[in-house]
Structures are given as structure tokens and as C-alpha cells.
Amino acid sequence: MEGLLTTPVTEVLNRAVAATVVILLAVEDSIGPIWQVNTTIGQSALTSVVDYLQRENNQDRKKALLQCFGTVLSHLLQTSRDVSGSELLLMKEYLSLPLSSLKPVLAAAHISTIRLILQYYNSFKNTIKLSKEYQSTMVSVILKTHQATDSKLLLDLGSLLVAVSPDDIKTFPSLQNNDNLREIINTNLDRMSLAQREAFGLWYSKVLSPSNITGGHQSLIRVTGNLIAYLPFQLFQHLSAAQLLDGLDVLQRNTLSPLKQDFIASKLIGTYRNMTAQDLIRLGNVLCLAEAKDLLVYKNTEVFQVIQEIIMNCTLSGLSMPSQLVSDLLLSNPEFKIPSSLSSDRLEEIAPLLPLLGVTFLNGLTTSQLLAALPALSTVPFTPTQASVIVDKLLSNARLPDQLEELGSLIVGVKTETLLSLNSDRLLSAMKAFAQHTPALCRPYMSVFCAPETNAIATKLWGFPEVVSWLDDMEPLLRWTPLICVLSRTPLLVKNLSKTATKPWKTQQAQAIVKAVNTYTNQTKQSFLSLGTLVQGVSCKDLHQLFQADRSPPFVRKILALLRQQPSLLHTALKRCVIEELYPLQFFADLLQDLGAEIALCIPMVIIRLLPADMMDILRKMIVASPQHFLMLTRIQQEILVDKIIQRMNMYTGPFTEEEFRSLDIMAPFVADEVFVQVDRSFFTKNLDYLQRLCYSSSKMEIVARILQEPAVFGPVKNWNQATLSAVGRFLFFLPLNVLQDLPLPLMTVGRIEKLFMSQRQWEDGDVGILCSDMNEIKDVFSKRQFVLQFFLGFLKMNYMSSPPIVPTCEILHTTLPSAWTPSSFSSMSSLAFSNCLELIGQDPFLASYQRVEILKRVKKIYGPTASFSQSVIAQLGEIAVELTPEELRTLRLTERRSISALGALKTWNKRQLTALFTAVLDSTKLIPSKLDSSMLVALGHIVCGAQIAEINTFNNVEFSKAVLWLGKLNLTCSEEQMGALVGLLTHNLAFGFMSSWGTDVFIEIGSLAGGLPDIVMSSLAKEQIEGISPMAMSMIPPKKFSVVFHENQINMFTYEQAYALTPEQRSALTDVQRRAIDMVLTCWKRNIDLSAGLAQSHSLLCIILGLLMVLAVLF
């Protein structure tokens, strides 16, 4: 018998038995337990299935088994008694499926299997590592496919609720009154995003009405729990003062919108005049939004000190507050008049106040006071100038270098000159503090302001071979490390690849390291997957070879998953490469979600417009989940894309409903005007808090302004009240000037105007505001803000009865904008207030020339002629310095990089001023051009354009190559000859070498300086070199030169962003052939793909036809 059962016979027999068992189980599943197959062999069959799944490596086969036999498996599980054996192993296999297989398999699973999967997950969630995307997909399938069958599944989800998407929350059943479900949601809310929390608040609001809230018990907030904090404001505002006070602890542990915080403060402080210290402590930072007059009633009581401490904590947290609150409750203390009289203990207590007390107060403190209070001072967010005052005093103590890491936030006040004098150990010890505090302080002052310091540290530490072993400490400054420094260390970085591949490199750095990896190692599929954060640096050639070797769905998805996890934005060339490689694949449609929003938005519009409704919906969800990539598109791209999406959603007819608006979210304001104007008015009125977070073009601002004044909304502005103004918030600045002046004068108090300014600034500094408005829209909103302040504070006299204009304090300039005030306002300020605010005034980009002139007069009156200006005063001047004459600029003593960089950051100098400044720097520092190091060149910034050609040619090539990372970010106003001389410095063999050898990495690094390439070089640029040229550099090429150097084939290689950046002058200088090539790039959204098959070497026929139609439409 053994001889008959040969291996082939055994295999055939096993397959026959297996097939028979499967058939019997399937038959029994369909017509009932006739032969009791399941009962008899169920456990054995389950064990065999698990064994097979554990041995099988082919994911498609696993998917087929679990999907096609889902019901059979569920019956096997029901008969199994081994809950800790095969059953658990099978659950593990379900959760080991690739993301692409998860949805169809779970959709086909029996509901009993789903319960077991959830039970398994909740039991072992601490050991099961599932990505957020995986969890979200899992929850989405369960909700859409199985929840309708059994609503109790919501309770079984448990902690998986944190992965539910806002879209899926909208589909939740009406179980708001289920105490168990509400408790599960409340428990998990703190681990959810704000969008998820607000979606749950919206869901919960469906069973509430204003009468439910006003008629509710005093403990309503406590009983309801965290959910109540996320109700739409239209409902939230009906909470009584008693309910708010009782539920403060619940509200405070949640994220409250500014509007809700303002409401709570006004309601509680305005209602109760005898709050206890404990009540005020519970109120916390919300207290800082109260009116000063309501808090001053507590003066001379035992709780007043508590109020002062809370307000100081608000300043420490960087929260904006009405100016009167600060000046009347904190800064009016007589003890602050003599800073040196304060004890060290008292100085520690008032440490959060010091930035508000200003530079003059800090100058009055002694070194011994500062040393004793250093632990407290190191946590306070000082401005760079304020920090430098303190550090300069501490510098007189010889222990400072040893205490560098103890400086904390004060690290931003350390001079570049001091940093350059420190050894590597001291610099490394300070890295954590420097990285933690520098970015937040540099941002308002432009990145160039802190550039010399970061350049000095990076270049000094990368000068040591040991830097490769310091990568953990160096990580915060990697993105500011010059490429030339990284290039010299690539062999060591490749040798230590396992660590190198985990660091947050910039694109050009990653490209250089990947080149070295290809040089020193043999690349395989597996080694490619180990590149980690370096994957962003692979070339199109590398990517092509990789996909030629393996185009299987699992491998492609692994690559895409790696790309989605990169620490920097992917370069346009790489995104375009991915699309070109993957589009010809038959399963490209299935990859849309795997691409991620960043790459998906690089798909040419000619392809996007052909997406079916289900794929367009996937794209919509991706954009809503990652809105920053959508906001980085040009306005034209945004509007065209949204137009295609709403076409698929059939939204062009009828009202623009709440469901449609919320489904588009960040994209909603980019629909066509005729769609937006149909927005549901009830939704609009009840959700202003949500709507104010979005991004609006000029035309949408006008529509919003008209809607606000409709009778069914708020009516004419002359009838508005305080509640209306609170709800309208920053939308007030969308109203036309002639409408703004009709606002009731009594409503527009100083405090109200400040809150409106604070609301607008909070949006501008947020994730949406930073990426939203173009310059024309920013200027338009600023003009409204300026008008509101000047009109309602009495600067634009309405009649002789008007009260005199107020004199601004330093505090009110912080809450509003210096440029919103009249020139005479600065003349009226006390010298103390003006001096304390000089740094703030100088950094205001909206200051007009007539304002700067008057401010400069005041500066000279206080500090004397320009020749007597200290380094600190020069560093604070900022925009004001532009009004200095060339003769005055030559007299400046520019001895320190901090003062030089403050002037070098400005881009509005004329040629004579730049020449004067460059001369002043050389005279003050006693340096010759060849001795300027990289940190000094970085500090010079725009001032390098003041150097003569002969002087530029003597710059140190290596030092300049270390500075080019920063200089390349500037829109330099150098002449064509100067730009040519600057870029020529980079061709030295110790820099980047011959231009013909430069790759994409070098072109990315040099940024705008690429505009200075010689004609002969620019006309022979290869595709990978053109891909590295920044849009800014494209716009800086002189029009005549551009028309000469770029031929049609090169223009065809441009990205959309490069073509879009061209100036009208550049376009007008083009030939007809060149102009058509540019139009093709703009029309087609980047180099396109032949829709019929494979990769196209030029534009697709359909794209060309579309482009020609658009051109003809414009012409005729």
C-alpha cells in the first residue's frame, strides 16, 4: 500500500479529499445540516484551514479563501470550542491581510465572524500593530456592511472607534440615548482628531433642540460627558451659566473653539460677581477672554491674585488676550517701575510677564537677578531681541558656555559669534533646546532671521567625521544642513545605512545619499525597501528599474506605502514619475487610495476627469483627510479639480446642502460661485464657527458678505448685536467698507475690535490660513482690518462730537497690528511703550512707506542718529530700515550677524541701498569679501546683491556653497551679471563641480540661483536638471534670456508649477511656438500620459485637443 501512495498520488488524493470536504461544507451551508459534516469534522477542518493560511505566502489565495468561504468559516467557528487555539489563529489571519484585501474579505464575512474579529482585536490590541489607515478601513467596512444588521456592533468596536472617519460617523444610527454607546464615545474622544470629535458632536446634536438644553438639569454637561463640548455653537450657546459652572471640568478637558471659550467666559464672569478662587481656577485659561471690567471687581479681594496667576499662565502659553486685561490687571503694578529692586523669588513668579514688560524692563535687571531666576526664565517664550538682552547679560558670567543647555527658550538670544566659538560637545548639548525653541520664534520673523545660527551650528558639526554617530542629536537641524556638508559624508552615511534611513532628510540630501548607495552597494528589491526615509531621493531611473523587476500589486503597494511615510514633501518630479510608471498597469484604478493625496493630486486632470463616481469619491475623501496637499495647488487647479468632483456628485442643480458642503469640507468654498451662492442658509447660520476655518477666494468673500446681510440670516449690519458679532467673527472683514461703517458704534469697542483681530490672526497662523490666501486677498482683508480700527477708534473723524483717538499701548499693538494704526499714533506713544514695541513694529510686513517714515523719525528721536544705533536697535528695525538713505546706511555699525541678518532678510532695498549696506558690513567687520564665512553670507541675505562683480568673484567657493541653501530661498534682486557670478562660484571642484554634472539634488539646493546659469548651460539642460529648477528660479530668468535659452522640447519637460510661475513679461517675450508649449503644460497639468497605452514621450492627443480648444476660446 505504501508503494502505491507515491508523492504524486498522495497530492492528488489530498486535493480530492480537500475538494470533497469543501463541497460538502458548502452544500450543507446552503441546504442545511443533512450529513452533519460541520459537526463531525468542523474542528479538524478549521485547524486545517489555519495551517494552510499560515503556510501560504500568496496573499491573493488567502484573500480568495477568506472571501469566498466566509460563511462556511463562520459556521466552523460557531462549532469550535477552542476559543484560544485555531479560532484565535484564524482571527489573526484576518488581521494580517494586506490593506487592499481587507475590504472585500470583511464585507463577505459573516456577522458572527466580525464579532469574533472585534473581540480578538480588543483583547490583544496592545500587541496588534495596525496602521491608522488599516483600522479606519476595517471600521468603515463594518459600519457600511454589517452595522445595519446588528447595531450592537457599535458597542463591540470599543477602542476602534478612534479610527472611524468623519464621513462614517455621519452614517451612525440614532442611538444617541444609548448610555453604553455614549460612554464608549466619551472615553475615546480624547484620542480622536478634532474633525472626528466635531462629527460626533454633530451626530449627537440631531436629538437635541434648544429647549432640551435650556430645560435640562444643571448637571446636563456632566451627565452628557465630553460629547457636549463639540455641539455646534448654535446649540452650545443655549447652555446656562449654572450648567456651564457645574460642567466646567468636563469642558476644560476638551478642545473648545475660540467662540465657545469666549461664550463661556462672558457667560460665567458676566453672570457671577462673587466667584470663588476654586471656581476661577476651574475656569483656567478661558478666564483670559473675559472683559477686564468684569475682573476688576475682584481687585483688593483674596481671589485677585488667583486671577493674575491665571493670566500670567496664559501669557506663558502664548495665548492672545485683550490688551486691557494685561495692562490693567498685570502691568500696572508699581513694583515694576524699578526692575533691579525685585527679589529673585519675585522675578521667578513674574517670569511669564517679562516679554510683556519689554526690552526696557529687561535692561534694568542685573546679572545676579537673571542667574538666580534662570530656571524659570528658560521656559518663557521671549522674542529674539528680548532673549539676546538676557543672554548678553549672562554672557558676562564665564559659566555661560557650560550652561548653554540650561538656557531653554533663551537659546534664541545666543549670538552666532558665540556659537561659532563653542566646541562640538557644547553645541550638541544645546541642540535639543535650540530645536525646541528656534522654529516657533523664527517663523514670525521669517526663517532668514534665525538662519545664521542654524547654519553656524550645522556647518561646524558636520565638519567632524564623527557627525554620522551624532545623527540622533543632529536630527532637529538636518533639514537646515547644507548639501555640500552631506556630500562629503555620504560614504560614512551609507556604511551606517540602517540609522541613516530613519532620519528626516530633505529631498536633495536623500537624493545624494541614494546616489552613494547605488555607487557603494548592489541595489535589490529588498535593499530598496530598507531605504526608509531616503526613498524620497530615488531617481526616475531607479523607480523604472524597480517596477520593471516587479509590478505585482503587493510590491507596488509596499513602495507606495513607503512614499506616503516620507518626512518631507515629495518632489514633483518623483510624483510625476510614479504616475507615469503606474498608469499603464491594469490595476492602476485599484491603486488610487494607495497613492495618497499628495501623489494623487499630481495625476493630470485629463485623467482625473475620466474617473468614475466611486473613484472620484475616494479622491474626495483623501483630500478631506489630508487637506494641506489640496491647499498647495494653485487656485486654478483647485477650482478645476473641485468642478470635476461636484460634476460627479451631481451638485450643479438645487441647493448646496449641508451634507454636500461637509462632504467637500476644505474644497467646499472652491465650487463655482453659482453653486456656492445656493448654500443652505440654515446650515450657514448654525455653523459659522466651522465655516470660518475654511479658505475663501475674493469672489466667495463677496458672496459670504451678501449672505450675512440677508434678512433670513442676520439682516442689515445696523441691526447687529454683540451675539451677532461673536458669531460672525473674522467674516466681518469680508464686508465692504461702505457696509462696515454702518455697524452700530457702541458695539465696536476696543475689546471687540481686538477680538476680531485675534480671530483673524488665529486663522492666518493655522494650518489652513498659512496655505490659503494669495497676496491680493491678504491685502484686501488687511485694508478692511485697518479701516475697522481707524474708523471705530476715532482716527477717521465722523463729526466734531467724536471722542479723541486713543493712544496705542504696546499691548494693543500685539493684539491688533501696528500697520493698522495711523502714523500719528506712534508719535503719541510714550518712549517706553514705543521702545518696548519696536521689534514688533519692525516685523510688520504691511507697514506703508508713509508709516515707516514717521516711525523712523521717532526711532531717531529716541536713539539718536543712525551712527549711534546699537546692534539691538538695528536688529529691531526690520521693515523700518528701508526708509534709511544710502548715506545713513553706510554709517550703521553692522558688527554682529544678528543685526546684519535682520536687514538682509528685507527684499525691498534699492540698488544704492544694497551697495551701501554691503560696504557698511565690510567696514564694520573689518573683513574682506574672501573672508566671509557661510554664516555671514547667510546673514547678508539680499545684501549680497550689493557686492560688485569683482567682490563676488573673490567669495570663498566652499563657504558660499554652504550658504546657498538659504540664499537660494530668496527672490534676490541681483543683476543678471551678479547672478551669473554667484552661480559660477558653485562650479569649483570643492563645491559642486562642473554644471554639466549637476543633478536634480544640486538644482534643488541652489534654488533661485539657478536663474543665473549661463545661456549656453541653460539651453543644454537635461530633463533631470530642469526638474530641479524651482518655480521661483524660473520666474527670475530675464525675459529675453528665457526666450533664447529654452526650446520647445525643454518647455515640454516643465512641470505645471514651473510654467505657472512665469511672469507676464516672460510670456510676452516668447515666440508663438514657445507660448504654445507653455499653454500645453498649463492646460494639461504637467507632462501627460497617453490614455490608450503605455508612457507617452510627449503630450497625449486628447490633451493637445483640449489645450487647443482652450486657447481658441480665449482668442475668440
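In the predicted model, 55% of the 1116 residues of the protein chain count as buried. The secondary structure of the chain comprises 76 helices and 0 strands. Among contacts with a sequence separation of 6 or more, 71% are made by residues 24 or more positions apart. The accessible surface amounts to about 46,400 Å², and carbon and sulfur atoms contribute 55% of this area.

Nonpolar side chains were examined next. In soluble globular proteins, such side chains tend to be buried together. The largest nonpolar core of the model contains 356 residues, and F200, I264, L595, F630 and L732 have the most contacts inside it. When neighbours within four places in sequence are set aside, F630 touches L601, I623, Q638, L641, V642, I666, M667 and F670. I264, another of the core residues with the most contacts, belongs to the buried set of helix α18, together with L259, K260, D262, F263, A265, L268 and I269. Helix α18 covers residues 258–271, and its 14 residues should span 20 Å at 1.5 Å a residue; the end C-alpha atoms are 20 Å apart, in agreement with this expectation.

L569, M632, I770 and L771 make a nonpolar surface patch of about 340 Å². Of these residues, L569 is located in the loop between α38 (553–564) and α39 (572–582).

Charged side chains form 44 salt bridges in the model. In one of them, E133 and R564 meet with an N to O distance of 3.2 Å. This pair joins distant parts of the chain, since E133 lies in helix α8 (residues 132–146) and R564 in helix α38, 431 residues apart. Both partners are partly exposed, E133 with a relative accessible area of 25% and R564 with 32%.

A further salt bridge is formed by R620 and D167, whose closest N and O atoms are 3.0 Å apart. D167, at 22% relative accessibility, counts as partly exposed.

The salt bridge between R912 and E887 has its closest N and O atoms 3.1 Å apart. R912 is part of helix α62 (residues 911–925) and E887 of helix α60, the two residues being 25 positions apart. R912 is exposed, with a relative accessible area of 51%, whereas E887 is partly exposed at 45%. Elsewhere, salt bridges that share partners connect D167, K170, D617, R620 and K621 in one network.

T895 lies in the loop between α60 (886–890) and α61 (897–904). A relative accessible area of 37% places T895 in the partly exposed class. Although T895 and T925 are 30 residues apart along the chain, their C-alpha atoms are separated by 5.2 Å. Apart from neighbours within four places in sequence, the contacts of T895 are with E417, Q871, S924 and T925.

Note on methods:
Residues are numbered from 1 along each chain as its sequence is written. This is a predicted model: local features need pLDDT of at least 70, side-chain atom pairs count only at pLDDT 80 or more; totals for chains, interfaces and linings use all residues. Side-chain values use heavy atoms; hydrogens and water are left out. Helices (H or I, at least four residues) and strands (E, at least two) are DSSP runs, numbered from the N terminus. Buried means under 20% relative accessible area, exposed over 50%, partly exposed in between (1.4 Å probe, protein chains only). Contact means heavy atoms within 4.5 Å. Accessible areas come from the Shrake-Rupley method with a 1.4 Å probe; for residues, only the protein chains shown count as cover. The expected span of a helix is 1.5 Å times one less than its number of residues. Patches are made of residues with over 30% relative accessible area and no salt bridge: like charges are joined within 9 Å, nonpolar side chains (Val, Leu, Ile, Met, Phe, Trp, Tyr) within 5 Å. A salt bridge is a side-chain nitrogen of Lys or Arg within 4 Å of a carboxyl oxygen of Asp or Glu. A nonpolar core is a set of buried Ala, Val, Leu, Ile, Met, Phe, Trp, Tyr and Cys residues joined through side-chain atoms within 4.5 Å.
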